[in-house]
Amino acid sequence: MDKPIKTFYAKYGEALRYLIVGGLTTLINLVIFFCLTHLSIPWFWANIAAWFLSVLFAFIANKKLVFSSSNTSASVVLKQSVSFFALRGASLLVDTAILFVGLNLLHGSP
């Protein structure tokens, strides 16, 4: 690998991996929501399922790829996952509120 690329990756590699995982998490959320709503699942439940599965992906990908966490003991993973999901809970509330306004009040389409 070229020296400037190695230097750049050494300096910004974690941030780049975090951005890529974040982008993939968003993509997963949108695809799951789209598929579920097109299968006639109500938007509320489609949103909950899409959020849960995308946050699960984000937890695993961040643990392995971004932060290179190798501790897989049940107690550590449980503690980390509860914290991760709880911190992401605010995004579920905001996402649900935006969907409620857009779909119910403004009569938009999922």
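## Helix α1

Helices here are DSSP runs of H or I, at least four residues long, numbered from the N terminus. The model is predicted. Helix α1 covers residues 3-38. Its course is not straight: α1 has a kink of about 70°, centred on Y12. After α1 comes S40. The phi of S40 is positive, near 70°.

Several α1 residues are buried: G13, V21, T25, N29, I32, F33, L36 and T37. What do the buried residues of α1 pack against? Their partners are α2 and α3.

## α1 against α2

Helix α2 spans residues 43-66. The axes of α1 and α2 lie 8 Å apart, and the two helices pack at an angle of about 155°. Angles over 145 degrees count as roughly antiparallel, so α1 is roughly antiparallel to α2.

The crossing of α1 past α2 is right-handed. What kinds of residue make up this contact? It holds 18 nonpolar residues, six polar and two charged.

## L103 in α3

Helix α3 runs over residues 74-105, and L103 sits within it. Is L103 buried or exposed? Its relative accessible area is 12%. The cut-off for buried is under 20%, so L103 counts as buried.

Leaving aside residues up to four places away in sequence, L103 touches W43, G108, S109 and P110. W43 belongs to the span of α2, residues 43-66. A46 and L103 are separated by 57 residues in sequence. In space, their C-alpha atoms are 13 Å apart.

Definitions and conventions
Residues are numbered from 1 along each chain as its sequence is written. This is a predicted model: local features need pLDDT of at least 70, side-chain atom pairs count only at pLDDT 80 or more; totals for chains, interfaces and linings use all residues. Side-chain values use heavy atoms; hydrogens and water are left out. Axes are lines fitted to C-alpha atoms, for helices over the stretch in contact, and angles run from 0 to 180 degrees between N-to-C directions. Angles under 35 degrees count as roughly parallel, over 145 as roughly antiparallel, 65 to 115 as roughly perpendicular and the rest as oblique. A crossing is left-handed if the near helix is turned anticlockwise from the far one by less than a right angle, and right-handed if clockwise. Ala, Val, Leu, Ile, Met, Phe, Trp, Tyr, Cys and Pro count as nonpolar, Asp, Glu, Lys and Arg as charged, and the others, Gly among them, as polar. Buried means under 20% relative accessible area, exposed over 50%, partly exposed in between (1.4 Å probe, protein chains only). Contact means heavy atoms within 4.5 Å. The bend at a residue is the angle between axes fitted to the seven residues ending there and the seven starting there.
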